[in-house]
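Hi,

Here is the structure I said I would pass on. Have a look at it first, and my notes follow below.

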Amino acid sequence: MSDKISKLLHEIKRNRKSYLFVAPYMILFFCFTALPVIISICLSFTSFNVLEKPVFIGIENYVRLFLADRIFIDAIGNTFIMAVIIGPVGYLICLFLAWMINELPRLWRTVLTLIFYAPALSGNVYFIFQYIFNNDSQGYMNALLIRYGIIQSPILWFENPTYMMPLIIGIALWTSVGTTFLSFIAGLQGIPSHLYEAAAIDGIKNRWQELWYVTLPSMKPQLMFGAVMSITGAFGVGSIVTALCKLPSTNYAAHTIFNHLEDYGGVRFEMGYASAIATILFLIMIGSNKLIQKVISKVGE
Amino acid sequence: MKKKIKLSRRTRGVKRSYITDIGIYFILLLFGLIMALPLVYAVCNSIKPLEEFFYFPPRLFVENPTTKNFKDLFRLMSNSWVPFGRYIFNTVFITAVGTAGHVIIASMCAFAMSKHKFPGQNLLFGMVVLSLMFSSAVTSIPNFLIFTKLGWIDSYKSIIIPAFSSSLGLYLMKQFMDQMVPDDILEAARIDGAKEIYVFWKIAMPMVKPAWLTLIMFSVQGLWGMGSSIYIRREDLKTVNYALSQIMNGGIARAGAAAAAQVLMMFVPVLIFIFTQSNIIETMSTSGMKD
C-alpha cells in the first residue's frame, strides 16, 4: 500500500509541469464550482440564517420541503412541465433547423444561422416581450386583439395565471436555439458524403430513412452534447420567470424550483432550506442528463 | 499538419422531391420570421419617435425614423445618480477582463489535459464535464458565502474570477486540441529544446485559433448580458443590463430609450458572432460527447 502511494507521489512529482498547467483553472473550478456543490449538500442538513452558525437538523429540511411546502410541490410540477416541453421541443427545433439549412448554399446558411441564433446570442433580449405583452392597451398584443375585437379589455399577460406558463414556455423556446443548434450544424457538416452514397446504394429510399439510419447515428456525439446544453438551458427557465413575471409570480402559477431557490436564498435568507432546494435541483438536473444520454445512445439502432 | 474539416455541401445520396424542397423553404421562412420578429420590433422601437408609440393600434414599423431615442438614453442616464457611462464601463471591464482570463487559463488547462498524461487527469476532466450538466443556480448560495468570506461582495472579483473557470470553454478547447493538434509537432519542438510554455503558447495556440475565438465569443456572450448579480449591491458597480431593466420600469414614455439601450446591447455579441461564425462551427465539430 505504502509502496503504491510512494509510486503515485513519484508520478506526481515527475508530472509537476502538467499540474502547473492545470492548476490555475482547476483551483478556481474547485473553489467556485466543485466545493460549492459539496457545501450546498452539507448545508442542506442544517438550519442556517447566515448570521448565526449553522445548526445540524438532519433531514428536517427535506421533510419540510416534501411534506409541508405546498408551493415547492407546485414548483416541482411547474418545473417538470416546462422542462419536459422546453428541453425536448427546443432540442428538436435545433435539430430540425440545422438539418434544413444544412443543404442550403453557404451564404444562406450563414445568414439563417445568425437569424436563428440571434435570440440566444444577445443575453437578456427576452425583455422585449415585456413591451409586446404589455399590460395596458398600448401593449402590442393587447392592441392587436382589441383592434380585431377578439378581446374587450387588455389582458395582464404576465400577471394572469392562465397565460403565464404558455408565454414563458414560448419565450424560452424562442431563446432555446443556442449552443445545441451550432453543435448540430457542425455535426451535420462533418458527415462524409460517401456515407450517403453508400446508403443510397444499400437501398435507403427517402430522406427520413436517411436521417434515421445515416445522419443521426453519424452525429451521435453532437446529439449527446446538444442534449446536455438543452437540458441545462431548460432548467434555467426560472430566470425568465423572475424577469417577466416577477418573484413570486401571481399565485405562484409560474413558480419553478429555481424561483423557490431564489426566494429562500436571496430574499428570506433561509440558507439551509435553500441549500436543500439547490441539492434537489442538482440531483434532478444530473439525473435527467444521465437518463437522456441513455435514450440518445439508442438512436439509429 | 492541421486536419481541415470539410465544410462543403454534401452530394446527395437519395433523390429529393421538389415538393418537399418547397415545403422546407416555406417552413424555414416561417421560422425565420418568428425568430426575427421580436428583434425587428426592438430595432424599430429604438428609432421610433415618441408620438408613434401612442398610435392606436401600435405599428410594428416606423414612419419617421429618428436617432432621438439614443440621445435621450444618454441624456436620461447622465442625469441619473450613477452616470450611464459608469454602467457601460462596468460591463466592458467585466467582459474584457473575464474573457481574457478565461481564454488563457482554460487553454492552459485544456492543453495539459489534451497533450500530457498525468495521474488524475480523467477524474478532473470528468468533473468538468459533470459540471456542464447543472446550472450555476445550484452553487449560488455557497458562492455567496465564499465571496463574503473572501470580501468579494461588492467587488468585480465576484463576477470576473469565477468566470475564468467556466466549464464549457475548457470542454470545447480540450476536445478541439484532441483532434486538431498533432502530437508529433509538439514532440519535435520539445526535442529541439523548446520549453513547455513555449510549446503551448507559440505552437499549440496558433493551431487552435477557431477554438479560442469560440471561447471569446461564449465568454463575451455570458458576461456582456450579465444583469443584476446578488453579489453586487453597490449601484456604481452594476451593469448596463441592470440599468436597462430600471429604464424599462419607466413605462411607455421610456420605451424608445429602453429599445435604444437594448439595441446597443445586442450589437456587440451579434457583431462578434458575424465575424467568428465559421470558426465557431469548426470548433463545434469537435464538441461531441461520448456516451
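Before the notes, one term: two residues are in contact if their C-beta atoms, placed from the backbone, lie within 7 Å. Please also keep in mind that this is a predicted model.

I'll start with a helix in chain A, α11, which runs over residues 207-218. Four of its residues, A:R207, A:V214, A:T215 and A:L216, come out as buried. What covers them? The cover includes three helices of chain A, namely α9 (179-189), α10 and α12 (220-235).

Angles over 145 degrees count as roughly antiparallel, so that is how α10(A) and α11(A) are placed relative to each other. As for handedness, α10(A) passes α11(A) in a right-handed crossing. On the α10(A) side the contact is made by A:L195, A:Y196 and A:A199, and on the α11(A) side by A:E210, A:Y213, A:V214 and A:S218. Sorted by class, the residues of this contact are five nonpolar, one polar and one charged.

Now the domains. Chain A is split into domain 1 (1-43) and domain 2 (60-297), with 35 Å between their centres, taken over C-alpha atoms. Where they touch, domain 1 of chain A gives four residues and domain 2 of chain A gives six. The domain 1 side of that contact has three nonpolar residues, one polar and no charged.

Chain B is assigned domain 1 (2-46) and domain 2 (68-286). Here 29 Å separate the centres, again over C-alpha atoms. The contact takes seven residues from domain 1 of chain B and twelve from domain 2 of chain B. On the domain 1 side of chain B, three are nonpolar, two polar and two charged.

And between the chains? How many residues does the contact take from chain B and from chain A? Chain B puts in 84 residues and chain A 93. The side of chain B that touches chain A has 56 nonpolar, 22 polar and six charged residues.

That's what I have for now.

Cheers

How values were computed. Residues are numbered from 1 along each chain as its sequence is written. Chains are lettered from A and ligands numbered from 1 in the order in which they are written. This is a predicted model: local features need pLDDT of at least 70, side-chain atom pairs count only at pLDDT 80 or more; totals for chains, interfaces and linings use all residues. Domain bounds come from an automatic or database domain assignment. Ala, Val, Leu, Ile, Met, Phe, Trp, Tyr, Cys and Pro count as nonpolar, Asp, Glu, Lys and Arg as charged, and the others, Gly among them, as polar. Axes are lines fitted to C-alpha atoms, for helices over the stretch in contact, and angles run from 0 to 180 degrees between N-to-C directions. Helices (H or I, at least four residues) and strands (E, at least two) are DSSP runs, numbered from the N terminus. Angles under 35 degrees count as roughly parallel, over 145 as roughly antiparallel, 65 to 115 as roughly perpendicular and the rest as oblique. A crossing is left-handed if the near helix is turned anticlockwise from the far one by less than a right angle, and right-handed if clockwise. A residue is buried if 20 or more other C-beta atoms lie within 10 Å of its own, exposed if 12 or fewer, and partly exposed in between; C-beta atoms are placed from the backbone.
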